Amino acid sequence: MSEERDIVVVGGGICGLATALALHRKGIQSLVLERSEMLRATGAAIIMQPNGWRALDQLGVASKLRKTANAIESGRFVTITDGKQEPIPLGGEVRCLRRMDLINVLAEDLPSNSIRFGSRVVSVELDPITSRPLLHLDDGGTIKAKVVIGCDGVNSVVASIVGLNKTGLYSIYVTRGFTRYENVHGLGNEFVVMSRDGLQLGWLPVDDHLVYWFVTRKWTSPDSRVMLAKDPMLLKSSIVKAMNDFPTDAIRMVSDSDLSTVQYTELRYRPPWEILRRSFWKGTIVVAGDAMHAMAPFLAQGGAASLEDAVVLARCLAEKIKLADDVDRGPRETSLSFEKSAVKEAFEKYSKERRARVFWLTMETFFIGSILGSSSGIIKLIVVLFTIILFSDKIGHTRYDCGRL
Ligand SMILES: Cc1cc2nc3c(=O)[nH]c(=O)nc-3n(C[C@H](O)[C@H](O)[C@H](O)COP(=O)(O)OP(=O)(O)OC[C@H]3O[C@@H](n4cnc5c(N)ncnc54)[C@H](O)[C@@H]3O)c2cc1C
């Protein structure tokens, strides 16, 4: 089976759905190809900070999502060994969203048949004759597209064709999950992080009964990685065991969590120097979201940055490919120009706008990852010094505004 399409978005995660929605809001239709059989979200919840809310406002879904999660009012960092407490600055609207709420809200406003499930892209190439993208699917079908947007996450197949390398792997993993309290949890609307040696536990309430928690730890051995990834019960019990000197309520939060939500995640990243030097597009193929800028969740910004990508990319594409078509359809109608030069101008503008933003985000997370993951005291000290110099404004990353759609 071979078919032709104007714009194909590969991946129906946060970025793919947000991009399709942003294009739809600009009057441009696209087809999202998602390998799963239905909408899905990896990980229980996602922290949304002020820059993410600005993007969600532009996508027209922020007000719906505000109803699903409490506003976080304060943050606190606790060092277990000496009991020292420091405030965590928040810098504006912060909420912890159920990932599925975000995914559903982004998909809800798309026209029917915008998402094709069970459709895995195995490779993408530029047709040698037309130099248009050609997508090969796992069912043997092909799609000739005028534009391809790769939103297929950290192991993107689209990223390689634009010239990006495989993402790197940190020696740190995250376990996350939900704990539901039958009565009101009584934790307040507070974001808390507790830290001891190589283990950090953070939690935020989603609403008065549901709490999202995450634990960051270094790997121990390759064997234990495989076992922990496979067995949520073992994963949970190994964390609870390692938290022996944490407050009882914190231990209970993890041990009472809903096992079906407990998940092991290894952290991948695209190095900041690659973000600085490499192209994000080739011909009429471009990448966005984790495919472009996979970063560890130390700033909780990967998802929000993906929403920003969606807004900026749709704005740039709409500006360059929408033409007034007075002759055929009357002055109010528009047609789309998929001339390679128009798409190229759109991608150049998008890359220019996003490069600086995602460079600084990946740089800051890379520094934090090096501090958490490195076993060398000297390296840690050097990176801490650079972090203090370059990122003295701890909430600087939340001030970004992706602008109007
Ligand atoms: C532990 C952890 C915690 C995080 N916490 C936060 C947070 O609090 N706040 C925040 O803003 N960000 C957070 N992030 C980052 C955030 O989850 C990601 O940046 C975000 O999910 C990226 O969205 P995406 O759509 O680019 O990729 P993904 O969410 O990975 O979606 C990719 C989609 O593409 C599909 N797909 C993949 N390959 C193919 C293919 N070949 N063909 C068709 N479909 C394909 C997948 O099935 C998936 O649906 C966190 C990340 C991790 C790992």
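The legends below describe close-up views of a predicted model.

**View 1. The two domains of the chain.** The domain assignment of the protein chain gives domain 1, made of residues 2-67 + 99-167 + 270-398, and domain 2, made of residues 168-269. The C-alpha centres of domain 1 and domain 2 lie 28 Å apart. To the contact, domain 1 gives 24 residues, while domain 2 gives 19 residues.

**View 2. An open sheet of seven strands.** Read across the sheet, the strands follow the order E5-E4-E12-E13-E14-E11-E15, and their pairing is mixed. Strand E5 (85-87) and strand E15 (263-269) are the edge strands, each of which pairs on one side only. From one strand to the next, the twist averages 20°.

**View 3. The pairing of strands E13 and E14.** Strand E13 (residues 199-205) and strand E14 (residues 210-218) run antiparallel, and they are joined by six bridges. A residue pair to look for in this view is leucine 201, which stands opposite valine 215 in E14.

**View 4. Helices H7 and H13 lying across strands of the sheet.** Helix H7 lies across strand E11 (168-180), strand E12 (190-196), E13, E14 and E15, and runs at about 75° to E14. Helix H13 (residues 340-373) lies across E11, E13, E14 and E15, and runs at about 90° to E11.

**View 5. The packing of helix H7 with helix H8.** Two packed helices are described by the angle between their axes together with the distance between those axes. For helix H7 (residues 232-242) and helix H8 (residues 248-255), the axes come within 9 Å and cross at roughly 175°. An angle over 145 degrees counts as roughly antiparallel, and H7 and H8 are therefore roughly antiparallel to each other. On the H7 side the contact is made by Lys236, Ile239 and Val240, and on the H8 side by Ile251, Val254 and Ser255. Sorted by class, the residues in this contact of H7 with H8 are four nonpolar, one polar and one charged.

**View 6. Helix H4 and its buried residues.** Helix H4 (residues 99-108) is mostly covered, since seven of its 10 residues are buried. The buried residues in H4 are Arg99, Asp101, Leu102, Ile103, Val105, Leu106 and Ala107.

Note on methods
Residues numbered from 1 in each chain as written. Predicted model: local features only at pLDDT ≥ 70, side-chain atom pairs only at ≥ 80, totals over all residues. Heavy atoms only, no water. Buried < 20%, exposed > 50% of the residue type's maximum accessible area, 1.4 Å probe, protein only. Helix = DSSP H or I, 4+ residues; strand = E, 2+ residues; numbered from the N terminus. Axes fitted to C-alpha atoms, helices over the stretch in contact; angles between N-to-C directions. Parallel < 35°, antiparallel > 145°, perpendicular 65-115°, else oblique. Contact = heavy atoms within 4.5 Å. Nonpolar A, V, L, I, M, F, W, Y, C, P; charged D, E, K, R; others polar. Pairing = 2+ DSSP bridges. Domains from an automatic or database assignment.
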